[in-house]
Amino acid sequence: MIEMTPILEKNGVKPLYMQLANYIKQEILSGSMKANEKLPSKRTLASYLGLSVNTVMSAYDQLSAEGFVVSKPRQGLYVAALEDDIAAGQVYLEPYKVKSIQNQKPIQIDFNSGKVDLEHFPYVIWRKLTIQSLYEDQGELFYNGDRQGELQLREQIAKYLYASRGVRCSADQIIIGAGTQMLIGLLCLMIGKGHTFALENPGFHRTKAVLQDFGARTIPIALDEEGIDLKQLKNSKASIAYVTPSHQFPFGMIMPISRRMELLKWAEDNNGYIIEDDYDGEYRYKGRPIPSLQGLDTKGNVIYLGTFSKSLIPSIRISYMVLPQKLMEKYREHFTIYKQTASRLHQQTLYLFMKEGYWQSHLNKMRTLYRRKHAMLMSAIKKHLGDKVNVIGANSGLHIVLKVKKKMAEEELIRLAMNVGVKVYPLSIYYHESDESLDSRVLLGFGGLSESEIDTGIRLLKEAWGL
């Protein structure tokens, strides 16, 4: 039996069944209870905890309604497999204020912001270049490569960044790694834990988790309509600022040139650094992609992060950072002991993909495709939801924030959507601390959905939310 040691207050304000349900939710979200693990029967758990069978049954019913557990006929209850952004280590779900619907439909439409369109991935070309990589190198790729990543790929990345994002760098300033989180961790070691990192609030929760796991001090800085609040930043003790200026995550605002110049001046005055995470700068639906902060930097205070997860496929796990010269010197002096983490075979294949022009063709095709999906999303929202919602961050990227003009908690919106087979995502996990005053907003990603699925999903949300 799964070991459970909940501390329950029998005379507490919350009912015992809700205390038990919340305890199990915490265990699932923290990873202590794994996906597909079987829960004890209600009679077994009731006997073990000294509770009534009805109390345990009510807790299980609540967990089932919220999607944390699933029932398998004649087998029992099992822990559900949650998406990464839900099982992020934060318990943001509180008891819902609407009546549970027991017969939840299977998920048909998943508005996951981490998914991309795989149907249009150039499988044939990628397979050909992978085989070509193995043939040309005759096994050389099976040895350890350059610690910074394959030189030829870094040269291609440097050319691409200058042409598309205005980033000025040489291949020697680029370090490739298996994902942005890994590079953030290395960067934290290079900069040192003695600094305080300012993070956008709300902002990307995985970056905060990495920094805190490495022992760095973090401080949340609120946003205004132009991005990170400079007044708050200046009044803080931070010397490092992590920002997403070309498409703020999750709200989507674009930092104007005046704010960018102010931010650069702040870094210069504080002898600090700006970490510019350009996680999906390729996808902008009005005008051209915004030039990078790094391209405006003349003092060597900007660290630029990029990834191929959104523009190619998430599982390729190839990201990169561009370091200013003073940090490159520190890297070469103290951190070359760390070996390269990204697959050399994938790096070589990606190099050929870029060198032979397939990368630019793929980007152009995906921009057109996502622009069409974005137009369908906006059209479906207008058709089905009308003026009952507001869309936040609609000009770029592969997600939007949807604000529902109805007094409903985030948790209610998510569960009611799941009851009609649609999965939407919480915004609260991106805040430094949970805030009960947050209004009815959820995150919708559309990159992995077809145009018909997008329309169907929005129509079902109208039904689920009674709009």
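Predicted model: local features only at pLDDT ≥ 70, side-chain atom pairs only at ≥ 80, totals over all residues.
Residues are numbered from 1 along each chain as its sequence is written, and side-chain values use heavy atoms, with hydrogens and water left out. Local features need pLDDT of at least 70 and side-chain atom pairs count only at pLDDT 80 or more, while totals for chains, interfaces and linings use all residues.

Let's start with helix H14, residues 451–465. Helices here are DSSP runs of H or I with at least four residues, strands are runs of E with at least two, and both are numbered from the N terminus. H14 has 15 residues and reaches 21 Å from its first C-alpha to its last, close to the 21 Å expected at 1.5 Å a residue; that expected span is 1.5 Å times one less than the number of residues.

Which residues of H14 are buried? They are Ile454, Asp455, Gly457, Ile458, Leu460, Leu461, Ala464 and Trp465. Buried means under 20% relative accessible area, exposed means over 50%, and partly exposed is in between, using a 1.4 Å probe and protein chains only. The buried residues of H14 pack against several elements, including helix H12 (358–385), helix H13 (410–418) and strand S16 (441–445).

Trp465 turns up again in the largest nonpolar core. Such a core is a set of buried Ala, Val, Leu, Ile, Met, Phe, Trp, Tyr and Cys residues joined through side-chain atoms within 4.5 Å. The largest one has 65 residues, and Phe111, Phe308, Leu312, Val424 and Trp465 touch the most other members. H12 gives the largest share of this core, nine residues. Apart from this core lies another of 25 residues, with Ile184, Ile275, Met321 and Leu327 among them.

Take Val424 as a close-up. Leaving aside neighbours within four places in sequence, Val424 is in contact (heavy atoms within 4.5 Å) with residues including Phe111, Leu413, Val442, Leu461 and Trp465.

Ala59, in helix H3 (residues 53–66), is another spot to look at. Is Ala59 buried or exposed? Its relative accessible area is 0%, so Ala59 counts as buried. Not counting residues up to four places away in sequence, Ala59 touches Tyr17, Leu20 and Ala21. The C-alpha atoms of Ala59 and Ala21 are separated by 4.8 Å, although the two residues are 38 apart along the chain.

Now for the backbone. The peptide bond from Asn201 to Pro202 is cis, with omega near 10°, and Pro202 sits in the loop between S5 and H7. Another cis bond joins Phe249 and Pro250, again with omega about 10°; Pro250 is in the loop between strand S8 (240–243) and helix H9 (257–269).

Two asparagines have positive phi values. For Asn36, phi is near 75°, and this residue lies in the loop between helix H1 (16–29) and helix H2 (42–49). Asn36 counts as exposed because its relative accessibility is 52%. For Asn271, phi is near 50°, and the residue is found in the loop between H9 and strand S9 (273–277). With 61% relative accessibility, Asn271 counts as exposed too.
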